[in-house]
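Please consult the sequence and the structure alongside the text.

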Amino acid sequence: MAKDKRVIVIGLGYVGLPLAVALAKAFETWGLDVDTGRIAELERGHDRTGEIDADRLATSSLRLTTDPAACPDADFYIVTVPTPVDADNRPDLSIVMAATRTVGGMLKPGRRSIVIYESTVYPGVTEDLCGPELARVSGLVCGKDFFLGYSPERINPGDREHTVDRITKVISGQTPEVLEDIAGLYNKVTTGGVFRAASIKAAEAAKVIENAQRDINIAFVNEITQIFAKMDLSVWDVLAAAGTKWNFLKFEPGLVGGHCIGVDPYYLAHRATELGCDPRIILAGRDMNDGMAAWVAKDVHDWHEGSGGSGPCKVLMLGLAFKQDVPDLRNSKVADLVAAFQGLGHRVDVHDPLVSASDALHEYGLEIVAAPGDTAYDLVVLAVPHRELVEDFARFTGLLAPGGGIVDLKNALAGSGQAPVGMKLWTM
């Protein structure tokens, strides 16, 4: 592929920014985002997601803008915007359709541009919804004046091994020729090569089942966790024993949040329902995982009372991000855990050294305690085992009131050298 090809990436979050920086090594690449604050901070060399460091931003040839009119005509437009669910867990395609209209306004006749979607969708969205909208806005003909492609994103926030420049990229295109053009594009990005999916719909489907599969497996482990709790068995002890079998799948219990595993299964379930199928297993897994925060809060509440605690507790919740060692607050189930404790009458302070206090207040109405230490707590809950929290955990045990207890959701203190001695400890 000629190096003079031009690429515009629409959406510069966890997915779009690493991709755009990688593309800029081989092509003239523009990054377009509607968030003026996001563009301003990237121009200052700061990535709030922590995925791209300041040195890489400073040396990148990536061009940044919030104005579609400032972008030149391009050979490739890559859409990497969020696709969340609404309050009823139905797919919310408003952002991806807004981005589609933006791209439609940028397409020009005679260019033969290819529009590639990386946003997670259910099978059919790219061709049945986005393609017609691009045609309507641009006045061009899909499949003649411009073409479609789909390449599911596989960004795992905080993962420094499976980065966009190392993974196998699944790709798909509207025609065989378009598919090869897309292969040439992504082969310049990753050393992991590309996999040519049989169709755009097959590539869309691959994305949603990757995360639905993980969701269902975690739901199974969460269910047996609740069963074994009734038997006074630690699920960690059971998993350690079962894990010695060569074909045992090693999933762990916990709160399932984030923008992928906790969301994507609803996209597949929605489309299945439209087609008259009953996605029982998918939705059963979602129900189990979405209810895990309430179960943890109630079990900890009963455990504390059963071991001598009484009355409303002062709880210190350590961690609010959806996973460890990232500042990502999207769909954090720790917020559900806080609400569940509050619903049981407890007062909860939240401390997370990685997340933005303003984002926590905006997203969940929760104030972050920057430096807990002015009060004694009946329960200290290690909800998200950020390395910083685990390595300094002795500081938090010093905040326990007499008779107080430690809650370790992910069994992170075991073997860390920070496990409390002689203190009440709850784990799954």
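Asp232 is exposed, with a relative accessible area of 73%, where buried means under 20% relative accessible area, exposed over 50% and partly exposed in between, for a 1.4 Å probe and protein chains only. The residue lies in the loop between helix 7 and helix 8; helices are DSSP runs of H or I with at least four residues, strands are runs of E with at least two, and both are numbered from the N terminus. Although Asp232 is not a glycine, its phi is positive, at about 60°. Most residues other than glycine have a negative phi. Asn331, also not a glycine, has a positive phi near 50°. Its place is the loop between strand 9 and helix 12.

The model is predicted: local features need pLDDT of at least 70, side-chain atom pairs count only at pLDDT 80 or more, and totals for chains, interfaces and linings use all residues. Residues are numbered from 1 along each chain as its sequence is written, and side-chain values use heavy atoms, leaving out hydrogens and water.

Relative accessible areas of selected residues are tabulated here.

| Residue | Relative accessible area | Class |
|---|---|---|
| Asn331 | 26% | partly exposed |
| Cys130 | 1% | buried |
| Cys142 | 26% | partly exposed |

There are zero disulfides in the structure, a disulfide being a pair of cysteine sulfur atoms within 2.5 Å. For Cys130, the nearest cysteine sulfur is that of Cys142, 10 Å away. That separation is too far for a bond.

The axes of helix 4 (residues 94-106) and helix 5 (residues 125-138) come within 8 Å and cross at roughly 40°. The two helices are therefore oblique to each other.

The largest nonpolar core has 43 residues, and Met317, Leu320, Leu337, Phe341, Val381 and Leu409 have the most contacts inside it. Such a core is a set of buried Ala, Val, Leu, Ile, Met, Phe, Trp, Tyr and Cys residues joined through side-chain atoms within 4.5 Å. Elements that each supply at least two residues of this core include helix 7 (200-230), helix 12 (334-343) and strand 11 (377-382). Beyond its neighbours within four places in sequence, Leu337 has contacts that include Leu255, Ala293, Met317, Val381 and Leu409. A second, separate core of 37 residues includes Val103, Val170, Leu268 and Ile282.

Key:
Contact means heavy atoms within 4.5 Å. Axes are lines fitted to C-alpha atoms, for helices over the stretch in contact, and angles run from 0 to 180 degrees between N-to-C directions. Angles under 35 degrees count as roughly parallel, over 145 as roughly antiparallel, 65 to 115 as roughly perpendicular and the rest as oblique.
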